[in-house]
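Q: I would like a close look at one part of the model shown here. Please keep the answer plain.

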Amino acid sequence: MPTTRNLGLVALGAIALAALLTVIGHLEVDDDLNPWSLTVSDFAVSDRGGVIDVAMVALAVAAAVLVPALRRVRRSRAVCELPLAAAAGGLLLAAVVPTNEPGLPMDAAAYLHRYASVVTFVALPVGGWLLARRDALPGTAPWLRALALVSLALAGAMIWSAYPGDRLLIGLAERLLILVEVGLLAVVATALVRRGPGSAGPADRPGHPGVTPARGA
């Protein structure tokens, strides 16, 4: 069974892969696409099944593997893990179901993609705030609170841009939001890696109800 530290390492690797693929995806797109006025989803749909879609799946994996890792942390509760599970599901759905091409009317798939993205954008700061409030990962609470608050502020900026702001700099706002929320995931994953073998939660310890100790130990 993977240890908490190993799960954290998997999450960090998936985050690094997602970051690399996203950069590549922005370098390879048509020069007519403006990153300040178009969202990452707009870039992804222009290269359907390309590296940005894979990057979204990688981030979904990062969020997903943090769920069982947090279950091993002594002070973690299911209420902290559920937002990460929701974010993983939202990312995966957004990767599988594309938005519409820029400039075209939104169809059912585009609306599904939008609301899956909204779930992800909201769930990650909520999860970070809950982890900070319960001090589930000692030493990370100030970072998690700050990143959660900045995420919510940037989400508000995106909402303003999408409606009364006539999409003014919506691409910039979204990319900043993604950067902050990926940073939040990285803080959680790094804290789990730093716990190390000697600081495992109850589920990692012999004698815990979920672990059967070897006879003669």
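Which helices each supply at least two residues of the nonpolar patch?

A: The model is predicted, with local features requiring pLDDT of at least 70 and side-chain atom pairs pLDDT 80 or more, while totals for chains, interfaces and linings use all residues. Residues are numbered from 1 along each chain as its sequence is written, and side-chain values use heavy atoms, without hydrogens and water.

Helix 3 (51–71) and helix 4 (78–96) each supply at least two residues of the patch; helices are DSSP runs of H or I, at least four residues, numbered from the N terminus. The patch consists of Val10, Val57, Val61, Leu92 and Val96, which together have about 380 Å² of accessible area (Shrake-Rupley, 1.4 Å probe, only the protein chains shown as cover). Patch members have over 30% relative accessible area and no salt bridge, with nonpolar side chains (Val, Leu, Ile, Met, Phe, Trp, Tyr) joined within 5 Å; a salt bridge is a Lys or Arg side-chain nitrogen within 4 Å of an Asp or Glu carboxyl oxygen. Val96 is located in helix 4. Val96 counts as exposed because its relative accessibility is 54%, and exposed means over 50%.

Helix 3 also takes part in a cavity lining: together with helix 2 (40–46), helix 3 gives two or more residues to the lining of the largest cavity. A cavity is a set of 1 Å grid points where a 1.4 Å probe fits but cannot get out, and lining residues have an atom within 4 Å of a point. Helix 2 contributes the most to this lining, with three residues. The lining residues are Ser41, Ala44, Val45, Arg48, Asp53, Met56, Ala94, Pro98, Thr99 and His113.

Note on methods:
Patches are made of residues with over 30% relative accessible area and no salt bridge: like charges are joined within 9 Å, nonpolar side chains (Val, Leu, Ile, Met, Phe, Trp, Tyr) within 5 Å. Buried means under 20% relative accessible area, exposed over 50%, partly exposed in between (1.4 Å probe, protein chains only). On a 1 Å grid over the protein atoms alone, a cavity is a set of points where a 1.4 Å probe fits but cannot get out, and a pocket is an open set with protein on both sides within 12 Å along at least five of seven lines; lining residues have an atom within 4 Å of a point.
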